[in-house]
Every structure is written in C-alpha cells, then in structure tokens.
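Colleague: Could you walk me through reading a protein interface?

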Amino acid sequence: MISDKDMEHLKTLARLEIAPEETHHLKDDLNKIMDYFEQIRHLDTEGIEELARPVSLHNIFREDKIVSPLAPELVKALANEEENGFFKVPRTVDSSD
Amino acid sequence: MYEPVIGLEIHLAMKTKSKMFCACPADSFGQEANSSTCPVCLGLPGSLPTINYEAIEKALMFSLALNCQVPDITQFHRKNYYYPDSPYNYQISQFDKPVGEHGFIDLSNGRKIGITRCHVENDAGRSVHPAYANYSLVDLNRAGAPLIEMVTEPDLRDPEDAREFLQKVRAIAQALGVSDANPEEGKMRADVNVSVRLPGEPFGTKVEVKNLNSFKSVQRSLEHEIKRQSRILEDGGSIKQATLGWDEGGQKTYLMRTKEEAADYRYFPEPDLPPMQIGQNWLEAIKAKTPELPDLKLARYLAAGIREYDAQILAFDHQLASFLDEVLKHYSEDAQAVANWLNGDITGYLNAEAKPLQTTSLSPEALAKLLKLIDTNTISGKIAKDILPELMQGADPEKLIAERGLSQVTDSSEIEALIESVLAENPELVERVKANPKAINALLGQVMKASKGKANPEIVRSALSKKLAI
C-alpha cells in the first residue's frame, strides 16, 4: 500500500507539485496499480531467471561517425517556447542563485 | 591534530567524434544552442540509443591504464532522476558491471591510491539562468556526450596528494587520447569527499564539495574544508553531512543542500542496449594499441639522463612530453639540456604569456637546432635565450642568426681588439682586477657587453687573464 508519506517522497523524486486533493486521487490510482502488481507477485517464478532484455544480443555497436544533427528550425519547433535557440523552461533554480 | 580522509569523483569528457548513444557531434563547445541534437539526445519518444564503439574502447583502455580489473561482461543501467537539462528523465550509466573496478594509481611518495570503479555514462545538457528572469534556458548540445566517471577509495590524506593524483589522471587520459582532460573547458570535473579524524580512529562524517573546475580549486577547497571541520571538532561540535559548493571569489565553501535521504535512483538494466562481452582478444588488441603511459615515459627520460625532478614534470605533462619526444628525435646529445629549456625559459615564456605550448609556433626542430648551435659554439647561451621569444613565434634559429650576424665571435684577433678597447676605457677597473684577480668578471662583463653578447666568454676569460698576467 502506498502511504501519504510515500506520495510525498514520489512527488519529490518526480519534481512535481501536486495539489492535496489531486494527491489523494493519484494515491488511489497508484494503489490500484500496486494491487495489480500484487497479483503478478503471486505467480510462481521459482527457477526462472530475471530477464532484463527480451532478446539475447550482445556487442551491438555503432561506428564513431557523425551524422548531421537535426536542423535548428526543427528543434525550435519542438519547444513550447524558445529564446535564441535555447528551450525556455520555468525557472529551475532559486532567483537568488 | 586531525587527519583528513579524502576521496575523489572525477568526470572526464571522452574524446570521440560522435556522442555516446547517437551520431551528433560530441564536442559542440561554442556552437549555437541545440544545434547538435537529434531525436535520441533530445529524448524524443520512439528514438533508440546505440553504443559508440570508440567510446567503449577508450573507456576500456583507460580502465586498463588505471590498473583496473575489466569484467567479462559490461552493461548499461538507467539511473532515474528528473533534471531539466537531462531530457530522458534518466541517465544512461553503469551500475553492477562497470568497465573497470579495483584499480590504483601510485603517487610519487609511494602511496597507492585505490580506484573503486570507472564507468561510462552520458553527460547532461546545460542550463542558463538569466538574471532577474522567471525562466531558465536549456541547451542540449552537451546532452548525450560521452563521459567516464571514476571514483577513488578514501585513500588520499592531504590536498597536495589530491592535486598530484588529478595531475596523473589528466596525464594518463591525455597520453591515451581518451580525453583532453582540460578543466577550463569542463572536460575534467571533480567532486571531493572529505572528512577529518584523529589518526587511528574510524572515518568521520564526510561532506561533498561539488563542481570544482580547476586543480587549484580542488586543493584550496580541501585545505579550507579540513580547517573548517577540524575547528568544529576541536570546539566539541559535530560535522553535518552536506553537499557544499566552492566560492572561487571568497575562497570558501558554502552550503548547497543538506543531504537528502539516500538517493532513490531506481537503477535497472537499460533494456534498449544489449550487454557487451569483452573477452581476452579484444583486451589484447586494446593493449597492443595503447600509447606509451606517463610512468613509462618517466622511466625512459630517467634512462636518457634527465634528472628526476625535471623528468617528473615532463612525463606528467602531455604537451611538454610530446614536444620533448619530438626534439629528442632531432637532438639526442643532451636530453637534460632539452629538459632545462622546456622547464626553464620555455615554461617561463608560456607562463608570462599565459599560453599553452601548442598554441605557440615553436617547432621541436627549431629547439633542436638552437641546442646544436649552442653546442658548436656558434652562439652563446645568452644569445640563445635572447632569441627564444622569436622562436616561440615560429622563427628559424639558423636564419635569424645569419640575418642578424649573431654568431659567436671566437676569432682571437677580434676578441683581442675588443679587449684592448675595454682595457683602455676602464683604467681604474684594470687596476682593481690586477690587485684582486677575482674581480675579473667585471672586465669580462664589459668585453661581453662590447661584443653585444657575441664573444665566446671562455675565450675572452683566458685572453683577459693572459693579457693582465693574472
């Protein structure tokens, strides 16, 4: 079960500001997901090795060659807001910094 | 007296053409913002990373050079954290199977500094925070650039050791061509962990000082932090675990944040990147193409007759060492003489001009020629020093000497004439020297001045003694 304390921790990790009523709602949703995982946990996985990747490949490399990056207009078009080519985002440090 | 316990975490920007997991240029220093990006390093949905072979090979070469054990299998993990200049919301890094573990570097005082691990990861982008604005600006050119992170054991015991260690790491990285390891350009960044304790006691509480961008700041911040912590403990206080920044202007540390609970990175194996099997054949091939390491250079310089002090400086400075090796190809008569010039007048010139050697036009051939001209008595050491600044700007010493008539005067009749006129002009000095033969240098100086530094001082000295019968 996800507790209120877990929710606070998740908010910190996700760097999200969430209103109290929304937090409550999200907690219910997350707990439903956790219930589902709980069902999976009951499966018998004895003797089955953990699988990190669906196919057993190894040593797939790319040669160290440059391919032209995206055109600046395309990159700018991805941004909600831009300034001189930079992506403009909400302030990420205290103004005093 | 408290004893410091120091560990370092070093990030090196790898010198590859393309980024770690995509084909954008790895080095976009000074380029327009977001002009070196693609769907992979922008973290666009549906894009897939691919591993840069060269980066893995360089990281393996570096690990071997640091005496690390290289595992049979190495793999990438996702390290989950949200940061505005990291568009993935995770960093592709290494966790349980890094490219190297359990290495070491020996310091000149014989202390062995353990290297916990070396791993490969991708760099974040860059944020700019305009003054008084309510927004930040993000440039993702650097996002996805290849990095090596290396972490040491808490084996360092004083700031000077830390400086030497960093210098050795830089020399190795540069000699191998793994990284430019240039702190000024952000190609080598260090975080330090430092605590103090009474000798023999368990480790004290450590603090981390982050983002130190020069060897000097590492040394100074350590000195400052050791003093600060010792004072707190002496006054009966206790050290709080914290992350500090270094204030270059004020030369002191400041609190960045108190340590949050243990970072919750939720590492898991990167499903988009297959593991890498390294194997003996690959390692042998890497060893075969590994360039000469600084320790071997040091041994070679000592064997060539260069004094320990000079050899240490040269072997652990990649630019000076490369230059020295080129000079020695053209002039092997006296390696110590080359070392004297490099560590003496040339370093003096570079410091005064605040320039690195490779930005000057001094060629190794020119320095070799200059040394030969001195050896054959064609020019005096004084003239050689005088023309050095012009050599630094690309002049050829032979041409310069021919054009200016700077050849040393060894012709005895010419010297004789110079002596005659100096003696005639300085009767008092002559009397003094006759009374006290030790004062001969005063006359010698006058003759040298009259010859504009071109007379061979040894010939002048013996001719003077003969003339004055002293």
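What follows is a short chat about the interface of chain A and chain B.

Modeller: Ground rules: this is a predicted model, where local features need pLDDT of at least 70 and side-chain atom pairs count only at pLDDT 80 or more, while totals for chains, interfaces and linings use all residues. Residues are numbered from 1 along each chain as its sequence is written, chains are lettered from A in the order in which they are written, and side-chain values use heavy atoms, without hydrogens and water.

Colleague: What is the area buried between chain A and chain B?

Modeller: The size of an interface is often given as the accessible area lost when the parts come together. Here it's about 3800 Å², with 58% from carbon and sulfur atoms (accessible area, 1.4 Å probe, summed over both parts). A:Arg53, A:Arg62 and A:Asp64 supply 21% of what chain A buries against chain B, more than any other three residues.

Colleague: How many residues are in contact?

Modeller: Contact means heavy atoms within 4.5 Å; 32 residues of chain A touch 54 of chain B.

Colleague: How many salt bridges does the rule find across the interface?

Modeller: The rule wants a side-chain nitrogen of Lys or Arg within 4 Å of a carboxyl oxygen of Asp or Glu, and it finds zero between chain A and chain B.

Colleague: Which element of chain A gives the most to the side that touches chain B?

Modeller: Strand 3 of chain A, with five residues; strands are DSSP runs (E, at least two residues), numbered from the N terminus. Strand 3 of chain A pairs with strand 9 (residues 135-139) of chain B, antiparallel, over four bridges; pairing takes at least two DSSP bridges.

Key:
Buried area = accessible area lost by both parts, 1.4 Å probe.
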